[in-house]
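These are my notebook entries on one structure. I looked up the surroundings of the ligand, then the aromatic pairs.

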Amino acid sequence: MAGEHGGPGAPPAGAEEATVPWRALLAEAVATLADGGVEGAEVEARRIVEEATGRDGADLLVHLDEPATVNGVAALDAMVARRLAGEPLQYVLGRWGFRTLDLMVDRRVLIPRPETEGVVDHVLAELARRRDEMAASGRAAPPVVVDLGCGSGAIGLAVAAEWRGAEVHLVDLSADAVAVARANLAGLGMAGSTVAVHHGSWFDPLPPDRAGRVDVVVSNPPYVAADETLPPVVADWEPADALVSGPTGLEAVERILTDAVSWLAPSGLVVMEIGATQAEAARAAAEAAGLVEVDVRPDLSGRDRALVARAAR
Ligand SMILES: C[S@@+](CC[C@H](N)C(=O)[O-])C[C@H]1O[C@@H](n2cnc3c(N)ncnc32)[C@H](O)[C@@H]1O
């Protein structure tokens, strides 16, 4: 691996500069990952070298012929070894982009997915609609948004970052996820009274006085059935409680839709990510809960992945 370039007489980590340029180490990392069966080895190796150097994109290109530091080589080697062992790139890097955010992620939380970025679009569109409606009637108040099963905080923190002033509550049953979401909140410099991370089950830990006042309930809940087979890169590395809901896969979806009715403001919206085969069952659950204007929206690849449903006026 790359660190072997230091040779037997190499100085201890961090002691002094190594002489191998990053360009050679990048080429070696590409070859090592490709030999190890990693698809997209070139892109992944580049991301790993970016992380090891602390330089992104064009900045890395400019500095590729500089000699690597010993610490940098050690970091590169460790990341390549973890990736070769099958660990997802996102956990290896320890961070991942979600919309405008650079989120800390590790094995305590689900890796934020690109399709979930579209869920945030539905929330922002609804906040704009409600703002315009209120303005037309001469009213103004910060919207209240609740992200149930927040994991890393991806959805709720993206809403908070893109709709400044929104009162956003993030909730997760996993103490680990709550810790990661709180760290991400702190890292984004948005800590304060308008964004809060709560530990508990679904609506339970929310301030009781928000009942009937929530403008948008958004969730990407666990929606995998217990007997469903997941790809090893998911099943072996991501937290099972973030993925599996119960025997049918619809348990969390149904529970959130049922309980949302008493938390939503009049005509408030639920936006929920669902599995690609769950559209009809989720639609039926929303209607059974008494929600109206129930609709299923496609993701960027045309699959039915987001349920939206409204509380009565
Ligand atoms: C599919 S992950 C979504 C994580 C994050 N929102 C995202 O989109 O990347 C589902 C999350 O729901 C949480 N969860 C599972 N059961 C829960 C419950 N009863 N109450 C609150 N959160 C729960 C899991 O811990 C996990 O973080």
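I sorted the shell around the ligand by residue class and found 9 nonpolar, 7 polar and 2 charged residues. Ala, Val, Leu, Ile, Met, Phe, Trp, Tyr, Cys and Pro count as nonpolar, Asp, Glu, Lys and Arg as charged, and the others, Gly among them, as polar.

The model is predicted: local features need pLDDT of at least 70 and side-chain atom pairs 80 or more, while totals for chains, interfaces and linings use all residues. Residues are numbered from 1 along each chain as its sequence is written, and side-chain values use heavy atoms, without hydrogens and water.

I counted 18 residues around the ligand (a heavy atom within 4 Å). Among the closest are Gly149, Asp172 and Trp202.

A polar side-chain atom of Asp172 is 2.6 Å from a ligand oxygen atom.

I searched the whole structure for aromatic pairs (ring centres within 6.5 Å, using the six-membered ring of Trp) and found 1. Phe203 and Trp263 are stacked (planes under 30 degrees apart), with 5.7 Å centre to centre and 15° between the planes. I noted that these residues are 60 apart in the chain.

Conventions:
A polar contact is a pair of N or O atoms within 3.5 Å; within protein, one must be able to donate a hydrogen and the other to accept it, and residues adjacent in sequence count only if both atoms are side-chain atoms. Rings of Phe, Tyr and Trp (its six-membered ring) pair if their centres lie within 6.5 Å; planes under 30 degrees apart count as stacked, over 60 as edge-to-face and the rest as tilted. Helices (H or I, at least four residues) and strands (E, at least two) are DSSP runs, numbered from the N terminus.
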